[in-house]
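Student: I have just opened this structure and would like to find my way around it. Could you take me through it, one question at a time?

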Amino acid sequence: MLIAGNWKMNKSGSETAEFCSSLKRRVDALAGRVDISVFPPFTSLAAAVTGLADSEIAVGAQNVHWEREGAFTGEVSAPMLRELGVYAAIVGHSERRQYFGETDETTARRVAAALEAGLFVIACVGELETERDAEETEDVLRRQVSVLSEDDRLVVAYEPCWAIGTGRTATPDQAREAHALIKSLLDVPVLYGGSVTPGNAEELLGQEGVDGALVGGASLDLDSFAAICELAASSS
Ligand code: PGA
């Protein structure tokens, strides 16, 4: 099981240092039963890498560019992340797709470059509510997954867009179905994401084909995130 905390645009460097020192005290004993990682904003990565250096908790970034360097204002490359001690990156999150013009093509380029540079990658896929209503979920997932290639360091996160930050989650059936489809296309671990909380984690993590969770809001709170990690450790 893998539990990944996507902090989005939350926690400054000093907040990160404080959170990480408490987090490792709370969850390090779970090492071996669950893989735990946190994905702070770029400016807090160094604080997280330092704060978690003597723990089993890994640190990842929320995005990564496909070029190593160059005229790409606002972007950060995989070698830059690697030099910092970052081990992974989230790519193609629905907020990147929705607000910042990320496409299947740019997602594919970012994923390929990150893997090539030695990073682990969590590539996000998931349908909009209108697409689910129009019974297009399968087509959308097939299209989004089709640009990815199997890799030992690739993990896919299934995050139905209508479940992100909304308090609504996929039903166990919906999650199982989507995960089975993704796994039939690509033999990689698949995380569920979208309003995962300590209250629903056990049921979602217990579904066949669910290999862990990508947790947004609930990963910002120490008690909630630790509780989800504990549930994952006991369900694996
Ligand atoms: P949420 O976010 O848990 O706050 O719904 C999940 C995500 O966007 O990765």
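Student: Is Lys8 buried or exposed?

Tutor: This is a predicted model, in which local features need pLDDT of at least 70 and side-chain atom pairs count only at pLDDT 80 or more, while totals for chains, interfaces and linings use all residues. Residues are numbered from 1 along each chain as its sequence is written, and side-chain values use heavy atoms, with hydrogens and water left out. Buried means under 20% relative accessible area, exposed means over 50%, and partly exposed is in between (1.4 Å probe, protein chains only). Because its relative accessibility is 18%, Lys8 counts as buried.

Student: Where does Lys8 lie, and which residues is Lys8 in contact with, leaving aside neighbours within four places in sequence?

Tutor: Helices (H or I, at least four residues) and strands (E, at least two) are DSSP runs, numbered from the N terminus. Lys8 sits in the loop between strand 1 and helix 1. Taking contact as heavy atoms within 4.5 Å, and leaving aside neighbours within four places in sequence, Lys8 is in contact with Phe39, Pro41, Gln62, His93, Glu95, Ile164 and Gly216.

Student: What aromatic pair does Trp7 form with Phe19?

Tutor: Rings of Phe, Tyr and Trp (its six-membered ring) pair if their centres lie within 6.5 Å; planes under 30 degrees apart count as stacked, over 60 as edge-to-face and the rest as tilted. The loop between strand 1 and helix 1 (13-27) holds Trp7, and helix 1 holds Phe19, twelve residues apart. Their centres are 5.2 Å apart with 85 degrees between the planes, so the pair is edge-to-face.

Student: Why does Trp7 count as buried?

Tutor: The relative accessible area is what decides this. Trp7 counts as buried because that value is 0%.

Student: How do the strands of the barrel run?

Tutor: Strands of a sheet pair through backbone hydrogen bonds, either parallel or antiparallel. Two strands count as paired if DSSP finds at least two bridges between them. Here a closed barrel of eight strands has parallel pairing, in the order 1-2-3-4-5-6-7-8.

Student: Which residue of strand 8 stands opposite Ile3?

Tutor: Strand 1 (residues 2-6) is joined to strand 2 (residues 35-39) by five bridges, running parallel, and in strand 2 the bridge partner of Ile3 is Ile36. Strand 1 is also joined to strand 8 by four bridges, again parallel. In strand 8, the residue opposite Ile3 is Ala213.

Student: Which residues of strand 1 point the other way from Leu2, Ala4 and Asn6?

Tutor: In a regular strand the side chains alternate between the two faces of the sheet. Five of the five residues of strand 1 are buried, so the strand is largely enclosed by the rest of the structure. Leu2, Ala4 and Asn6 point one way, and the other way point Ile3 and Gly5.

Student: What angle does the direction of helix 10 make with that of strand 1?

Tutor: Axes are lines fitted to C-alpha atoms, for helices over the stretch in contact, and angles run from 0 to 180 degrees between N-to-C directions. Helix 10 packs on the sheet, where it touches strand 1, strand 2 and strand 8 (212-215). Its direction and that of strand 1 make an angle of about 165 degrees.

Student: Which residues touch the most other members of the largest nonpolar core?

Tutor: A nonpolar core is a set of buried Ala, Val, Leu, Ile, Met, Phe, Trp, Tyr and Cys residues joined through side-chain atoms within 4.5 Å. The largest one has 62 residues, and helix 10 (residues 222-235) gives the most to it, with seven residues. The members that touch the most others are Ile3, Leu154 and Tyr192.

Student: How many disulfides does a search of the whole structure find?

Tutor: A disulfide is a pair of cysteine sulfur atoms within 2.5 Å. For Cys20, the nearest cysteine sulfur, that of Cys229, is 12 Å away. The sulfur of Cys161 is 9.7 Å from the closest one, in Cys124, too far for a bond. Across the whole structure, the number of disulfides found is zero.
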